[in-house]
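Biologist: I have a protein model open and I am new to this. Can you show me how to read it, one feature at a time?

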Amino acid sequence: MTDHDQLIKSAIKNFFKEYLDLFFPDLARHLYLDSPQFPVEFLDKEHFTDIPKGRRRTVDILARVWTVEEKFETILVHSEQQEDDKKDPDEKVMPFPDRMFCYSLLLQLRHFPEHVIPMVMWFRPGKGGVGVKTYDYKAMGAGLSLTYYNIAIPDLDAEEYLNKDNPLAYGLAARMKRGKLSKAMLSLACRSKIIRSRTTDVKKVILLDMVNTYIKLDSKEEAEMKAMLENGPEYEDVKQSELTFFGKLEASAEARGEAKGNAESLLLVLEIRGLSPNAEERARIQNTQDAAQLKRWLARALKATTAAEVLAER
């Protein structure tokens, strides 16, 4: 079973600059997002046991960033995956606006005097596209307010975002409105844009994983995409993409010593895909001297859902 939360978290953390550039460029211009001197620091998960009426919660992503004035600020990125509010047990206990207000308030208290900049990323439709929202917690004309950035991915147009110069847009387009595109056309468009994007091959794996996860094709749609691939010479790089990725990973491995290099590549792919191995699994990978076995595990890692599945005996 796909861990959707982990997949999205992995994408945002590995494409954090692209995420802010894509949705909030005015904010991004005030931040150092790719400077070695002012690195983005992802903070440890923070567990909330003191939110009234709520269950134990984990903040999705908490990033400490430098501003161009060389001050720290903290960005909270919270994602909502549930398709229907009624299916979310938390909604019966504490509606989302109340929960978001409490998360942000508690974080602000912990990080004061740094500001907490809250963001909500929805994966259910009808939440308003990209913008800013305000939640008032007031009575008799006085009280507190929460203003947060809001993104609703299913309300955005896939074709529009596929035309942007931003690799993260090509992965997220898999969850946007298709418009006139068939599922096969959207899947192929996302894949071709990802493969041709200016990013590392390992990062392309994350984006292609999103497309594979969120655009499920039936046999008829698979045939449609295959026909487009076969009849379109412009898609030759798409057909060769997996071989290309493996070739580059293996070349990198040879430069570092084949077995050791394959082990390092495998651990990197597992980490990026959110399939972090436990201590025993990590030791098994690092201690394996069989380069061919490591290569087989690396191939599995591109599609597996757990580290255990990658290392399973077959």
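**Reading the fold, feature by feature**

Modeller: Start with contacts along the chain. Among contacts in this protein with a separation of 6 or more, 63% join residues 24 or more positions apart. Keep in mind that this is a predicted model.

Biologist: How many helices and strands does the protein have?

Modeller: The secondary structure comes to 16 helices and nine strands.

Biologist: What share of the 314 residues counts as buried?

Modeller: The figure is 49% of the 314 residues. A residue is called buried when its relative accessible area is under 20%.

Biologist: Which residues touch the most other members of the largest nonpolar core?

Modeller: They are Tyr19, Leu20, Phe23 and Leu172, in a core of 74 residues. Helix α9, residues 201-214, gives this core its largest share, with eight residues. There is also a second, separate core of 14 residues, and Val116, Val120, Tyr135 and Tyr148 are among its members.

Biologist: Let me take Leu20. What is it in contact with, leaving aside neighbours within four places in sequence?

Modeller: Leu20 is in contact with Pro25, Leu27, Ala28, Leu31, Leu33, Ile75 and Met119.

Biologist: Leu27 is on that list. Where is Leu27 placed?

Modeller: Leu27 is in helix α3, residues 25-28. Its relative accessibility is 12%, so Leu27 counts as buried. Leave aside neighbours within four places in sequence, and Leu27 is in contact with Leu20, Ile117, Met119 and Tyr149. Now compare sequence with space. Leu27 and Thr67 are 40 residues apart along the chain, and their C-alpha atoms are separated by 9.7 Å.

Biologist: Phe16 next. Is Phe16 buried or exposed?

Modeller: Phe16 counts as buried, because its relative accessibility is 5%. This residue is found in helix α2, residues 16-23.

Biologist: Which residues is Phe16 in contact with, leaving aside neighbours within four places in sequence?

Modeller: The contacts of Phe16 are Leu33, Val40, Phe42, Ala63, Val65, Ile75 and Val77. Look at Ala63. Phe16 and Ala63 are 47 residues apart in sequence, and 9.2 Å apart in space, C-alpha to C-alpha.

Biologist: Now two helices side by side. How do I describe a packed pair?

Modeller: Two packed helices are described by the angle between their axes and by the distance between those axes. Take α8, residues 183-196, and α9: they pack at an angle of about 180°, with axes 10 Å apart.

Biologist: Why are α8 and α9 called roughly antiparallel?

Modeller: Angles over 145 degrees count as roughly antiparallel. The angle here is about 180°, and α8 and α9 are therefore roughly antiparallel to each other.

Biologist: Which residues make the contact?

Modeller: From α8 come Ser187, Cys190, Arg191, Ile194 and Ile195. From α9 come Lys204, Leu207, Leu208, Val211 and Asn212. Sort the residues of this contact by type, and you find six nonpolar, two polar and two charged.

Biologist: Let me try a strand. What does the side chain of Glu80 make a polar contact with?

Modeller: The partner is the side chain of Arg124, at 3.4 Å. Glu80 is in strand β6, residues 72-80. With 4% relative accessibility, Glu80 counts as buried.

Biologist: And Ser79?

Modeller: Ser79 also lies in strand β6. Its relative accessible area is 8%, so Ser79 is buried. Not counting residues up to four places away in sequence, Ser79 touches Asp5, Asp60, Met121 and Phe123.

Biologist: Finally, backbone angles. Which residues does a cis peptide bond join?

Modeller: The bond joins Phe112 and Pro113, with omega about 15°. Pro113 lies in the loop between α5 (96-111) and β7 (116-122).

Biologist: What about phi in Glu70?

Modeller: Phi of Glu70 is positive, about 65°, although Glu70 is not a glycine. Glu70 is in the loop between β5 (61-67) and β6. This residue counts as partly exposed, because its relative accessibility is 48%.

Biologist: Where is Met140 placed?

Modeller: Met140 is in the loop between β8 (130-139) and β9 (142-152). Its phi is near 55°, a positive value in a residue other than glycine. At 88% relative accessibility, Met140 counts as exposed.

Conventions:
Residues are numbered from 1 along each chain as its sequence is written. This is a predicted model: local features need pLDDT of at least 70, side-chain atom pairs count only at pLDDT 80 or more; totals for chains, interfaces and linings use all residues. Side-chain values use heavy atoms; hydrogens and water are left out. A nonpolar core is a set of buried Ala, Val, Leu, Ile, Met, Phe, Trp, Tyr and Cys residues joined through side-chain atoms within 4.5 Å. Buried means under 20% relative accessible area, exposed over 50%, partly exposed in between (1.4 Å probe, protein chains only). Helices (H or I, at least four residues) and strands (E, at least two) are DSSP runs, numbered from the N terminus. Contact means heavy atoms within 4.5 Å. Axes are lines fitted to C-alpha atoms, for helices over the stretch in contact, and angles run from 0 to 180 degrees between N-to-C directions. Angles under 35 degrees count as roughly parallel, over 145 as roughly antiparallel, 65 to 115 as roughly perpendicular and the rest as oblique. Ala, Val, Leu, Ile, Met, Phe, Trp, Tyr, Cys and Pro count as nonpolar, Asp, Glu, Lys and Arg as charged, and the others, Gly among them, as polar. A polar contact is a pair of N or O atoms within 3.5 Å; within protein, one must be able to donate a hydrogen and the other to accept it, and residues adjacent in sequence count only if both atoms are side-chain atoms.
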